Amino acid sequence: MEETQLKLYSHWRSSCSCRVGIGLNLKRLKYEYKAVNLVKGEQFSPEFSKLNPLNFVPALVDGDIVVADSFAILMYLEEKYPQHPLLPQDLHKRAINYQAANIVSANIQPFQNLVVLKYIEEKCGSGEELAWVKHHIEKGFAALEKLLKDHAGKYATGDEVFLADLFLAPQIHAALKWFNMDMTEFPLLLRLNDAYNELPAFQDAMPEKQPDYIPS
Amino acid sequence: MTWQVNRGKIVYSVSCIFVVFLGHLEEDREQCDSEQRVNQTATMEESKLKLYSSWRSSSSSRVRIALNLKGLKYEYKAVNLLKGEQFSPEFSKLSPLNYVPTLVDGDMVVVESFAILMYLEDKYPQHPLLPPDLKKRAINYQAASFVSSSIQPLQNLVEQKYIAEEVGSDEKLSWVKHHMEKGLAALEKLLKDHAAKYASGDEVFLADLFLAPQIHDALTRFNVDMTQFPLLLRLNDAYNELPAFQDAMPEKQPDYLQS
């Protein structure tokens with residue numbers, strides 16, 4: 001593992017934080033885990049707001065550089081710490097990775113974060129937020145099955161782990177664990193999930209292994 | 001120089017604007033009708049770049065700006081979102097989420113605006129969309145990703161329709177404004193120590209491609225009081241001076257107000 005001055009502001013349940021955790025593990029970068037209690041609103045504390053005006057986790061501190069947003073963090077890590085590349089050389093495969101990552105980050109995850117869920121629950125009634133999330137996950141997963149079917153190998157875009165896998169793993173985990181999704185309609189994603197379950201870099205980044213994990 | 005092999009064709013790209021094909025060249029030849037027009041800088045010559053787009057789509061606008069900045073000619077393929085053309089069998093085959101924009105480059109199809117921009121940056125490196133400095137690149141990625149995953153998804157037509165159906169029509173606008181204003185406030189804070197003439201300095205980069213259409217939408221579609229966001233308002237004035245940005249705006253598109 002490479003010694004660094006990296007700090008990751010994170011929350012155990014955040015799938016965005018999980019993506020970064022996987023990236024740090026794959027690149028074998030040591031980091032200090034700084035828990036941010038989202039339920040208590042610690043992301044709005046003056047200290048954290050100064051660090052990250054977006055008031056989201058994850059946020060990465062690397063010396064005097066602060067990067068928020070999981071995609072931005074992963075691209076920063078890729079550029080500064082090029083070991084275990086997160087993107088393939090081939091242009092076509094790179095594009096597939098970017099597409100899969102963005103389907104998750106712009107079309108699925110935004111609709112399941114705590115702020116949005118709370119809003120739906122307030123406006124539509126308790127329980128409605130689950131239907132809302134499932135609707136978006138199913139739509140996104142169906143698109144991912146189509147996008148990846150001609151490209152997946154052992155992992156999402158071939159036989160090596162790349163960026164798409166870092167976005168898929170936490171999303172599939174969340175769908176199964178928090179939202180009780182029936183994944184049988186998504187056989188490719190289910191198969192990928194089994195593959196991720198074999199990889200320590202992925203497993204060590206999962207919610208249950210984080211220092212601030214709270215079992216339900 | 002980079003090499004790739006694809007279906008027996010050998011393609012190589014150099015860091016200038018010319019691309020040379022060896023071997024067989026397959027081109028789609030399509031009739032240009034009144035709804036499919038090349039961009040303003042081109043004549044009616046054939047282009048292998050096709051952009052499936054809707055005039056009102058801010059995600060499409062980001063890609064249009066990039067194509068203009070890189071001097072890339074493309075065929076504009078209008079997709080009428082209100083008539084549901086994004087669900088046609090032809091378009092569904094191209095775009096798994098049935099969203100615009102979708103870029104076709106020869107036999108490559110790329111969906112998702114962020115992915116399209118990264119693909120264009122990889123393949124057509126003229127007028128780079130990212131600065132060489134690591135810190136500045138990070139600011140650009142943050143601003144871009146924040147718009148694309150924390151602001152825009154909550155305002156797209158599909159979400160508006162869902163909210164209108166589930167919560168009520170009046171709630172739709174307040175939902176969008178709420179998330180947009182929150183996001184714009186965060187962007188003001190993120191960029192205040194980095195912005196100069198443009199979002200991350202004195203040159204246009206990726207962040208600007210995401211900000212310009214978002215600010216345009218805030219002003220023209222959602223009546224956001226942008227005086228709360230003086231930095232973003234100033235950036236908007238700067239974008240209004242740039243033809244590459246202006247030519248990409250909704251009002252300049254071939255399908256403006258037709259859908």
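Guide: Arg13(A) lies over the face of Trp178(A), 4.3 Å from the ring centre (a charge sits over a ring if NZ of Lys or CZ of Arg is within 6 Å of the centre and within 35 degrees of the ring normal). This is a predicted model: local features need pLDDT of at least 70, side-chain atom pairs count only at pLDDT 80 or more, and totals for chains, interfaces and linings use all residues. Residues are numbered from 1 along each chain as written, chains are lettered from A and ligands numbered from 1 in written order, and side-chain values use heavy atoms, without hydrogens or water.

Now the ring pairs. Over all chains there are 17 aromatic pairs (Phe, Tyr or Trp rings, the six-membered one for Trp, with centres within 6.5 Å; planes under 30 degrees apart are stacked, over 60 edge-to-face, the rest tilted). Trp55(B) and Tyr256(B) pair edge-to-face, at 5.0 Å and 90 degrees. Trp55(B) sits in the loop between E4 and H1 of chain B, and Tyr256(B) in the segment after H9, so the pair ties together parts 201 residues apart in sequence (helices, H or I, of at least four residues and strands, E, of at least two are DSSP runs, numbered from the N terminus). Trp55(B) is buried at 11% relative accessible area; Tyr256(B) is partly exposed at 32% (buried is under 20%, exposed over 50%, partly exposed in between, with a 1.4 Å probe and protein chains only).

Phe114(B) and Phe210(B) form a tilted pair, with centres 5.2 Å apart and planes at 50 degrees. Phe114(B) belongs to helix H3 and Phe210(B) to helix H7 of chain B, 96 residues apart. Both are buried. Ring pairs also link these two with Phe71(A), Tyr98(A), Phe167(A) and Tyr141(B) into a cluster.
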